[in-house]
Amino acid sequence: MRKPLIAGNWKMNMTDAETKKFLDNLKSLEISDNVEACIISPFTSLKTLNELLKDTDISTGAQNMYYEDSGAFTGEISPNMLKDLGIDYVIIGHSERRTIFKEDDELLNKKIIAALSHNLKPILCCGENLEQRENKIQEKVVENQIRSDLKGITEKELYSKLVIAYEPIWAIGTGKTASSDDAQSMCKFIRNLLTEMYSEEFAHSVRIQYGGSVKPENVAEIMSKDDIDGALVGGASLDTESFSKLINYEK
Ligand code: PEP
């Protein structure tokens, strides 16, 4: 059984003081056992996040990392720095990193290898842009991303760690959501691809999230699909009440 993972990606939002306020409000709200909830904050809030959530079941994540352990890489954060803070997950290859910061698959592959070797769980993001969908090459795009980003990594290394987030770029932060059938169809395609690349048992153990304008009003419909095991949520995760509704969605 795959436990759904609902993760809030705060992007470049929330000061440390705002993080404390968010978590303070969250404490008084109910948290369902049916899902694993996770908050993915900017680096500057990770220490606070981890300290204030350590006695809860809510997981924590970072939005990015570099693949080296230390050295002359000004402005970067290493996997062991994240591990030292007690962080569980790290997003690798979010479309904003791929497009704005020009991160390519070769770099992302190195980052995934480094995350796994430090026992961090990578949330690997993949997804097509609007032009690629209009040209009906979205499956090819996603397949190329996943094959390149996981190149040379064994099933044993990925087991119980890898999470994949399918995030069509045209649906991120735009208010446009992929239909739940389109999202299911791509998540199923990804699971079949994992079966080709690895064993069937492994492919069925991997959690595949959908991301792109998920909100309290559409989360239940998206989560009702067989191959969708969670959501990666940007905008709607910034408000405590909305986040609480997402992680307590009604089946
Ligand atoms: C995201 O940040 O990964 C995301 C899906 O954003 P939004 O929910 O705002 O579309």
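Author: A word we need at the start is "buried", which stands for under 20% relative accessible area, while exposed is over 50% and partly exposed lies in between (1.4 Å probe, protein chains only). This is a predicted model, in which local features need pLDDT of at least 70 and side-chain atom pairs count only at pLDDT 80 or more, whereas totals for chains, interfaces and linings use all residues. Residues are numbered from 1 along each chain as its sequence is written, and side-chain values use heavy atoms, with hydrogens and water left out.

Reader: Okay, so is glutamate 51 buried, partly exposed or exposed?
Author: Glutamate 51 counts as partly exposed, because its relative accessibility is 45%.

Reader: And what do the side chains of lysine 47 and glutamate 51 meet in?
Author: They meet in a salt bridge, with N to O at 3.1 Å; the term stands for a side-chain nitrogen of Lys or Arg within 4 Å of a carboxyl oxygen of Asp or Glu. Both residues lie in helix H2 (residues 46-53), 4 residues apart, which is about one turn of the helix. Helices here are DSSP runs of H or I with at least four residues, and strands are runs of E with at least two, numbered from the N terminus.

Reader: How many salt bridges does the count come to?
Author: The count comes to 18 salt bridges.

Reader: Which residues does arginine 133 form a salt bridge with?
Author: One partner is glutamate 128, with the closest N and O atoms 2.7 Å apart, and another is aspartate 182, where the closest N and O atoms are 3.8 Å apart. The pair with aspartate 182 links distant parts of the chain, since arginine 133 sits in helix H6 (residues 130-134) and aspartate 182 in helix H9 (residues 180-197), 49 residues apart.

Reader: Is arginine 133 buried or exposed?
Author: Arginine 133 is buried, because its relative accessible area is 18%, whereas aspartate 182, at 35%, is partly exposed.

Reader: New topic: which residues are closest to the ligand?
Author: The closest are Lys11, Glu167, Gly173, Ser213 and Gly234, among 14 residues that surround the ligand, where near means that a heavy atom lies within 4 Å.

Reader: What lies 3.1 Å from an oxygen atom of the ligand?
Author: A polar side-chain atom of asparagine 9 does, and a polar backbone atom of serine 213 is 2.8 Å from a ligand oxygen atom.

Conventions
A polar contact is a pair of N or O atoms within 3.5 Å; within protein, one must be able to donate a hydrogen and the other to accept it, and residues adjacent in sequence count only if both atoms are side-chain atoms.
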